[in-house]
Amino acid sequence: MPGFLFQKRNFSFFGTCKGSALVWVLICMSFVGALLATAVTTFLYDQKLILRQQEFLRAEAAVQAAFAHAQAMLCTAIAQYPDSATVWEELPGVGMVGTVLHIFQRAQSHQPARILLLPLFSGVQQPLPIGDSLFDSLPQLCDLNQPDQWIFEVDLEGKGVPISAPWVHLTPEKDAPLLARYAFLLEDESFKLNIQWASPQRSSGVLRNASDLSLQAILAQLPGVSPEIREKWTQELSILRDRLDGFKDLGQSNLVMNLEASHWDRWESLCTIFSEASNDTRHGLPRTNVNQLFSPTTSVDKIRQQLDQFLSTLRRESPHFGQRFYRLERASLNDVNAVQKKHEEIYLNKLAANIRDVLLPGPNPTRVLDQAGFPVLASHDTNPVRPAARDIGPNPLAAIGKKRVPYLQEYALAARLISIAPASRAEREPLTGAKFEMTLDHFLEFWNMSDKPIPVEALGPNARLILRNQPPWDLDGGGLKGFGIPPPHQRDLEIPLSNFRSFQNEPLVFQPGKATVLTTFPDLPPPDLFPHGAQFFTPLGLDPQRRTFSGVTYQTHRDSEVGKSYYVVRTDLRCTGNADYETECLLVNDQGWIDGFGYLPILGNNIAMRENNGQEAQRARWHIRSSDLQGTKLGPAQVGDPRTLNEQLLLGERNIAPSRNAALDDLRALQNSYTRFLQTARADHFPGKRDKGSSFGLVRGSHVDFEEWGDPVYTEDPRNNSGRYTPAVFPETPLKSIAELGHVFDPSRVSSFNIGRARGGGRSLRIGQPEFYPSGQQPGIWDRDPLSPSREWTAWRLCDIFSITDQPVLPGAVNINGVLRHQGALLKALLHDFRWSQRATAELRGRPLQEQDIELIVDHFQRRLSSKPPYETRGGAFFERGEISEIDLFQSDGVFPITFANHARVGLKKRNDTVREEIVRYLMEAITTRGRVFSVYCLGQAIRLKGPNKLQILATRKAKFTFRLVPLDENGNRRPQPQHPLDTYNKEIKPPDRYGAELLARED
């Protein structure tokens, strides 16, 4: 940098930062004195030369004292305030540009927390609250206006800007003449782009570390350099770096580029060869590698242990994270007791089970019982799990993990009378009974919520459909015993999925984003019966006797108009009310349960089939119970969305009489409104009425297409389905970005949402979308106050707690709080290599961000850091990387990306958009909010007074020290890293007691 003529020297030095600068000064002064005494007594030098050496050594001692002071200042601040973040910003004063440490001081004794500022330059002895007009007092406090107090110059906005700092004066003792003075300025190296690790070509997917950033992206930040020259330099820099076995100093890179002075200044202030961040939480504890927490096993004890390991880490860092679940409408958003403790535990187990199943391959989900200790149900257990009262009561399952499997969406039981003889009798004739023949068929509609086809072989060994406890039929009448259908257990069906074929003889495949109906009916049903157009599959070789029944009925129905009674076959409900909950439906394989219900609601009250005056049409009439297979409703209720599968706490009726406890009524309403199961029963004769309260049987005109996923859109008319959405994601592989946790099913409920309106298990974690929703939309999880309790249960907090790597450091991580520097060059470089994924809308797939789009993103990050509109009340430093989810990437009436046709643009304030999520997933692993490698620019001078107020500078030394922060234990030793990712949740792992410094390089 201008003003420095550096000679590069590397050191291997390690020491703690506990000592004060004064100790260093005294040591250095003693050393100087001993050296001078030796020089005087051993050699005969010219007196002027001896004095010159003395002045030089005093200036060097001042430089060393500045280095020690800077280390002590930084280490003390970070040890005292582990929630701190470093920010690059312009400070007031003549040319004052530099780094400050924003410190998040935790609230004590229920007092509000504070954000503090600690400018990282000499003369500042303690954190200064932002509320104390720090910026107004800085010029006077630091006396920055003296022309000889600059430390160095930095190329800013295309011109050299002097960076100043106040002097610290040194005397051998109190009231003694001044001997030396020093000044220093600290800088976080993570404000720069690391060329040591960058690769020649852009990487695919996400930025997991610095090696995924390309040299092309960094070189693109040099103005006026053509793409051809950048490509040439990229290859030559890579070759030179390999030959040198890594750059030893940044100057070596200029052997290739031979930059002019102005370009070199820009390059030198933009790039580094030393930068990394600690892979720690904002509490100073190692992040837990979520990819290593879960492993395939069938042992229920080991599965429970894996879930507990995840939950232990989560509880340690965010004890109230479970407050996301079922928040009451009347409760304050920051009330840490709004959710019952039991419900907190249910929620956490749901989340843990879902994360486990998203990461692990295979179709069998994790199932957790709602019992003491939340035991895991053995995967090979295919017995149904029922509520205690059969038709209503607590859900016996606390959690069911979500997998890439077909989910049961609708169920219909269809009966058809084939014949009955005699059909009727005169009222005075004896009741002799009538022989009948009927068919009883099941129609089960499954929904593939993913974007990939699911063939039968993907569902594990010997995947099959099981139907148990089919409903009986009451054939009694006139006090006589009828001869009807055998007992239910003799009519169980178990059909291999491989036996199913379409009516075009195609093998069974569950197509993405569509409904698939499995039925025992051997022919294509009439189109007016199931009009939604889903593909139907029926099993080959099913014995007709399994679906055809005959017997004698004595049930009659009187018709007074013609004086006859007609023989009928009636239903016989086995549960209370007007519904039958006994029938069981399961998808299983040889490894266990895949999906299903042990309590399918079959609606209807005494549905009767009869022949009407011998008319054939009436004899062949269908009688539908439970549903007409119309699929998912595309309104705001979303009651048919299978992502709500088994997420309710209670099963049963919606209409519950109000109690005297308003809070309890809120909870009961949230738990029961639009459950996945029956609420209010009504007779359901096709094409007649349906039960409007059940999630089964609600009509919508067409089934969901995976490019227009039917999530509710709160910012538009519910009938307007103009937004484009993504299917649920089931990677079943290790995460490449911790922000992929945003795909995880999250059964979250927020205030004023009923269950129907909640995104019950879809992309509800939404990492990459705000947890605070702008004014005019439904309230969110967070009140947008960075110091409030509700921050603790934001979904993006998981990105701070968990990691995807065991590495203790993240090499080359870029500090997102440096985006104000060089017109946002850091963020521009990160976004340079971004490409839209194949999951994006067709107009975007595989395309890069255009310059206008990148400028828009950078502008919003800069506005957030500067607390400019629309971030006046939620601006300032990012304290953890997940907070980038809260960025509004456009104005309220804007669109993004701005360079494509209108129909390809997506408004980013719509909570269901996926555009922002892609950007956040791409950036997350490459960013930090505070690095662990710092440089301190030191200026030391030997001085003396030559009269009143007249200072003579005898010698000057300048040095740049680059050092790494090292966490230490209580004994001053390096803090041991966990040997296994599971150790990170162990209570014995503690934050560092202090920090030391490891010197990486010195430049003079």
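**View 1. Packing of α14 on α15.** Helix α14 and helix α15 (residues 851-866) pack with their axes 10 Å apart, at an angle of about 140 degrees. That makes the pair oblique (under 35 degrees is roughly parallel, over 145 roughly antiparallel, 65 to 115 roughly perpendicular, the rest oblique). Axes are lines fitted to C-alpha atoms over the stretch in contact, and angles run from 0 to 180 degrees between N-to-C directions. Helices are DSSP runs (H or I, at least four residues), numbered from the N terminus. The model is predicted: local features need pLDDT of at least 70, side-chain atom pairs need 80 or more, and totals for chains, interfaces and linings use all residues. Residues are numbered from 1 along each chain, and side-chain values use heavy atoms, without hydrogens or water.

**View 2. Residues between α14 and α15.** From α14, Leu-827, Lys-828 and Leu-831 meet Ile-854, Glu-855, Ile-857, Val-858 and Phe-861 of α15 (contact: heavy atoms within 4.5 Å).

View 3. Leu-826 sits in α14 (residues 825-832). Its relative accessible area is 1%, so Leu-826 is buried (buried: under 20%; exposed: over 50%; partly exposed: in between; 1.4 Å probe, protein chains only). Beyond neighbours within four places in sequence, its contacts include Phe-191, Leu-193 and Val-814. Gln-221 is 605 residues away along the chain, yet the two C-alpha atoms are separated by 8.5 Å.

View 4. Cys-271 is buried at 1% relative accessibility. Cys-799 is buried at 0%. How many disulfides are there? The count is 0 (a disulfide: a pair of cysteine sulfur atoms within 2.5 Å).

Key
Helices (H or I, at least four residues) and strands (E, at least two) are DSSP runs, numbered from the N terminus.
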